[in-house]
Amino acid sequence: MRLDESGRHVHSHLCNKGSLIFLLHEVCCFMEVCVLSKREEYERRAEELLMPIIEENNYELVDVEYVKEAGTWYLRAYIDKEGGFTIGDCEKVSRAFSDLLDQNDFIEDAYILEVSSPGLGRPLKKEKDYVRSMGKELEIRTYRAIDGEKEFYGILTAYDDKTVTIRQEDESLRTFAKNELALIRLAFDF
């Protein structure tokens with residue numbers, strides 16, 4: 001890891017795209033104040049455009065993500081509502097959101113807009129997700145093995161800004177730092 005002249009961490013990543021190589025720099029301060037990436041800025045602005053539509057219709061915005069998959073950019077909005085998000089709801093939001101995106105035109109790349117319900121495997125991302133999941137069984141996957149395991153199941157007993165605690169099947173409590181988690185979602189049985 002390198003430091004720049006002001007003492008900030010500089011991470012460099014090479015990404016091969018066709019015959020061009022792009023050098024991406026992510027610069028974060030020691031105070032954990034990070035410069036927003038283009039992806040994060042697009043997600044933030046898209047969420048701002050989407051919120052009036054969500055509030056007007058009494059929907060819940062679960063997440064907005066801007067991701068690249070198999071060479072194509074996707075802007076995805078995951079929306080829910082009490083009683084379930086229908087195809088008609090999806091169409092209403094998609095049309096209104098698409099119009100706003102065309103008017104504001106802040107995304108430089110070509111992308112596909114997708115509006116959908118979050119489904120069963122929705123990850124816990126926001127405070128309201130944790131509140132709703134208290135006392136329920138979670139599936140947790142970590143980036144690195146902990147005690148030889150990367151996958152954990154247990155009942156959510158506590159959380160804060162930085163940690164999540166579950167009660168495992170053997171009644172022991174295990175606490176994870178949120179930055180160690182590759183995935184956290186409600187567990188579901190078939």
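**Hairpins, sheet and cores**

A: β9 and β10 form a hairpin with 5 residues between them, and Glu171 in that turn has a positive phi of about 75 degrees. Helices (H or I, at least four residues) and strands (E, at least two) are DSSP runs, numbered from the N terminus. This is a predicted model, where local features need pLDDT of at least 70 and side-chain atom pairs count only at pLDDT 80 or more, while totals for chains, interfaces and linings use all residues. Residues are numbered from 1 along each chain as its sequence is written, and side-chain values use heavy atoms, with hydrogens and water left out.

Q: How many bridges join β9 to β10?

A: There are 5, and the two strands run antiparallel. Thr165 stands opposite Thr175 in β10. For two strands to count as paired, DSSP must find at least two bridges between them.

Q: What about β8 and β9?

A: Strand β8 (residues 149-159) and strand β9 (residues 163-167) pair in the antiparallel sense over 4 bridges. Ala158 stands opposite Thr165 in β9. A hairpin of 3 residues joins β8 to β9.

Q: What is the strand order in the open sheet?

A: The order of its 5 strands is β10-β9-β8-β7-β11, with antiparallel pairing. β10 (173-177) and β11 (181-186) stand at the edges with a single partner strand each, so one side of each has no neighbour in the sheet.

Q: Which strand does β11 pair with?

A: Strand β7 (residues 137-146) is joined to β11 by 5 bridges, and they run antiparallel. Thr142 has Leu181 in β11 as its bridge partner.

Q: Changing topic: how many residues are in the largest nonpolar core?

A: That core has 21 residues, and those with the most contacts inside it are Leu50, Leu75, Ile79, Val93, Phe97 and Val115. A nonpolar core is a set of buried Ala, Val, Leu, Ile, Met, Phe, Trp, Tyr and Cys residues joined through side-chain atoms within 4.5 Å. Buried means under 20% relative accessible area (1.4 Å probe, protein chains only).

Q: Which elements give two or more residues to this core?

A: They are α1 (38-56), β4 (60-69), β5 (72-80) and α2 (87-104). α1 gives the most, with 6 residues.

Q: And what is Val93 in contact with?

A: Leaving aside neighbours within four places in sequence, Val93 is in contact (heavy atoms within 4.5 Å) with Leu50, Ile53, Tyr59, Ile79, Phe85 and Val115. Apart from this core lies another of 11 residues, among them Tyr130, Leu138, Val164 and Leu181.

Methods
Buried means under 20% relative accessible area, exposed over 50%, partly exposed in between (1.4 Å probe, protein chains only).
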